[in-house]
Amino acid sequence: MTDSTGGDVAPPTRDTPRSRAEFYRDVCGLDARVHTGNHRIHIVAGPVAAITMPVELGQRIKPLLREKFGCDGPIIDHPGSRRWTFLANPDGFGLYDPVLHAELFLHRVSVAPVGSEVVLPAPSDAFLRYRMWNTLPRSPFRPWAGTVVGFALDCVNGT
């Protein structure tokens with residue numbers, strides 16, 4: 001298993017949706033589950049925040065996260081729509097604040113609603129290039145959601 005930078009991570013012995021979900025749970029601290037019908041791997045938003053934005057904005061935020069935390073991920077790349085999803089620890093940054101959501105919406109940034117499913121890259125996604133890791137989680141580390149959102153707002157507001 002590699003991320004978009006080519007960094008190797010110890011892959012499961014046999015990369016299947018189930019083994020990948022186990023990797024996400026055991027190594028990355030993500031409560032990943034596999035849908036029985038379509039074999040997609042997902043987590044539920046709430047314990048993890050999922051913040052999606054245009055690639056261009058994400059490229060500006062990624063080095064800021066690395067500077068602040070020494071790490072920038074995990075980040076899911078959606079090549080077809082040219083968007084990235086940052087997985088983060090929720091920290092009460094305003095998940096229910098409609099004014100914040102409206103401001104983010106103006107800049108094509110969205111936060112997955114609490115309770116919604118967030119689909120993670122699965123083995124079959126690598127061939128389709130539909131959903132892949134930009135920065136693969138290698139540990140349970142996730143930046144704070146408020147920091148990701150704050151950086152996004154700073155970038156779009158020119159501060």
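The model is predicted, with local features requiring pLDDT of at least 70 and side-chain atom pairs counted only at pLDDT 80 or more, while totals for chains, interfaces and linings use all residues. Residues are numbered from 1 along each chain as its sequence is written, and side-chain values use heavy atoms, with hydrogens and water left out.

To start with the overall fold, the protein chain has 5 helices and 8 strands. Here helices (H or I, at least four residues) and strands (E, at least two) are DSSP runs, numbered from the N terminus. Along the sequence, these elements follow the pattern α-β-β-β-α-β-β-α-β-β-α-β-α. Of the 159 residues in the protein chain, 46% count as buried; buried means under 20% relative accessible area, exposed over 50%, and partly exposed in between (1.4 Å probe, protein chains only). The accessible surface of the protein chain comes to about 8,200 Å², and carbon and sulfur atoms hold 55% of that surface. Accessible areas come from the Shrake-Rupley method with a 1.4 Å probe, and for residues only the protein chains shown count as cover. Among contacts in the protein chain with a separation of 6 or more, 72% come from residues 24 or more positions apart, where contact means heavy atoms within 4.5 Å.

Helix packing comes next. Two packed helices are described by the angle between their axes and the distance between the axes. For helix α2 (residues 55-69) and helix α5 (residues 145-156), the axes come within 10 Å and cross at roughly 130°. Axes are lines fitted to C-alpha atoms, for helices over the stretch in contact, and angles run from 0 to 180 degrees between N-to-C directions. The two helices α2 and α5 are therefore oblique to each other; angles under 35 degrees count as roughly parallel, over 145 as roughly antiparallel, 65 to 115 as roughly perpendicular and the rest as oblique. The crossing of α2 past α5 is right-handed: a crossing is left-handed if the near helix is turned anticlockwise from the far one by less than a right angle, and right-handed if clockwise. On the α2 side, Leu 57, Arg 60, Ile 61, Leu 64, Leu 65, Lys 68 and Phe 69 meet Thr 147, Val 148, Phe 151, Ala 152, Cys 155 and Val 156 of α5. These residues of the contact of α2 with α5 divide into 10 nonpolar, 1 polar and 2 charged. In this grouping, Ala, Val, Leu, Ile, Met, Phe, Trp, Tyr, Cys and Pro count as nonpolar, Asp, Glu, Lys and Arg as charged, and the others, Gly among them, as polar.

Helix α1 (residues 17-26) has as its buried residues Ser 19, Arg 20, Ala 21, Phe 23 and Tyr 24. The buried residues of α1 pack against β1 (33-34), β2 (41-44), β7 (117-120) and β8 (132-135). Arg 18 also lies in helix α1, but counts as exposed at 60% relative accessibility.

The loop between β1 and β2 holds Arg 40 and His 39. Arg 40 counts as partly exposed at 41% relative accessibility, and His 39 counts as partly exposed at 46%. Leaving aside neighbours within four places in sequence, Arg 40 is in contact with Arg 33, Val 34, His 35 and Val 119. From C-alpha to C-alpha, Arg 40 and Ala 21 are 9.5 Å apart in space and 19 residues apart in sequence.

Some backbone features also deserve a look. Most residues other than glycine have a negative phi, and most peptide bonds are trans. His 39, a residue other than glycine, has a positive phi near 65°. Arg 108, in the loop between α3 and β6 (110-111), has a positive phi of about 65° although it is not a glycine. A cis peptide bond with omega of about 10° joins Gly 73 and Pro 74, and Pro 74 lies in the loop between α2 and β4 (75-78).Finally, Asn 89 sits in the loop between β5 (83-88) and α3 (98-106) and counts as buried at 19% relative accessibility. Beyond neighbours within four places in sequence, Asn 89 is in contact with Arg 142, Pro 143, Trp 144 and Ala 145.
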